[in-house]
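Please open the structure in your viewer and keep the selection tool at hand.

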Amino acid sequence: MYRPQHDTRHATATMEAAVPAEPPEEPPAEPGTGAVGAPRSRRRLRRLAQLYVGLLLYGVSSALLVEAGLGLEPWGVLHQGLSRLTGVSIGAVSIVVGAVVLLLWLPLRERPGLGTASNVIVVGVAIDAVLSVVPAVHQLAVRVPLMAAAILLNGVATGLYVAADFGAGPRDGLMTGLHRRTGRSIGLARTGVEVAVVVTGFACGGTVGVGTALYALAIGPLSQVFLRVFAVRPAPPGRPAVAGGPP
C-alpha cells in the first residue's frame, strides 16, 4: 500500500527519473556572513516536513479508500483482509506487515533510513486515526468522488515523501531489493509482489474493485507529476573564507 512510496531506493525507476535535474547553483555567500549553512539547514527542515506530511497524507488517503469501499490499493487489500481475518485494526496490521517486510530486507541487503522506519509507524497510525473519526459513507454519489480524491491525495503524498529522500518505504525497498538481487526489472518485481499481495488480501476478505484498477493506472503518472512539484532544490555550496586584507 505505501509506496508510496528514494535515491536508489525510490519507489520505482520511473519515480527516480521523474525528479528534475538540479537547477543552476546560486552564488556562494560572502565570506564571514555565515549564510552558507542556513540554506542547508532550511533544506533539511523542508525535507523533514515533506517526509512527515507526506506519510500522514498517505495514511489519510488509504483510510479514505477504505471508506469509499470501491477497492483498495494492493497493499491496502492485504491489510484489510488480514484485519478482517484477525480482528486487529487496519492501521495496526499495516504496522506489523511493514515490520515483517522490513525483515525481508536483511537477505536483500537493503539499507533502511529515517523514512523507512517512519513509514512503518506513521502511515498505520494515520489510517486508524482517520477511520476513527470519519463517518461511514453509503451513498454512491459520495463514494465515487471520495475514491477519486483519495487516489489523487495518494499521488500527492507519494510525491512529498519520496522527494524528501530519507529512504525507501519497506514495501518499496522490497521491490528494489528484488530487482538488484534477481536482475529482473523493477516493473516486473513490483508487478509480481503486488499481484501476490492482492490475491492474498482478496482471499482473506480484502476489497478489490474499480478503485484498485484506477489506482494501478493512475498512481504512476500522479507520482511523476508530484515528484517534480515537490523536488527539493539542492543547497548552494560554500567556499572557504578569504582574508579581507593583505597577509
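Select R143 and display its contacts (heavy atoms within 4.5 Å). Leaving aside residues up to four places away in sequence, R143 touches A68, G69, L70, V137 and H138. This is a predicted model, in which local features need pLDDT of at least 70 and side-chain atom pairs count only at pLDDT 80 or more, while totals for chains, interfaces and linings use all residues. Residues are numbered from 1 along each chain as its sequence is written, and side-chain values use heavy atoms, with hydrogens and water left out.

R143 lies in helix 7 (residues 140-164); helices are DSSP runs of H or I with at least four residues, numbered from the N terminus.

Next, select helix 6 (residues 114-133). Its 20 residues reach 29 Å from first C-alpha to last, close to the 28 Å expected at 1.5 Å a residue, where the expected span is 1.5 Å times one less than the number of residues.

Finally, select helix 3 (residues 74-86) and helix 4 (residues 90-103). How do their axes cross? They come within 9 Å and cross at roughly 115°; the axes are lines fitted to C-alpha atoms over the stretch in contact, with angles from 0 to 180 degrees between N-to-C directions. Residues of helix 3, including W75 and L78, meet residues of helix 4, including I90 and V93.

Technical notes: Helices (H or I, at least four residues) and strands (E, at least two) are DSSP runs, numbered from the N terminus.
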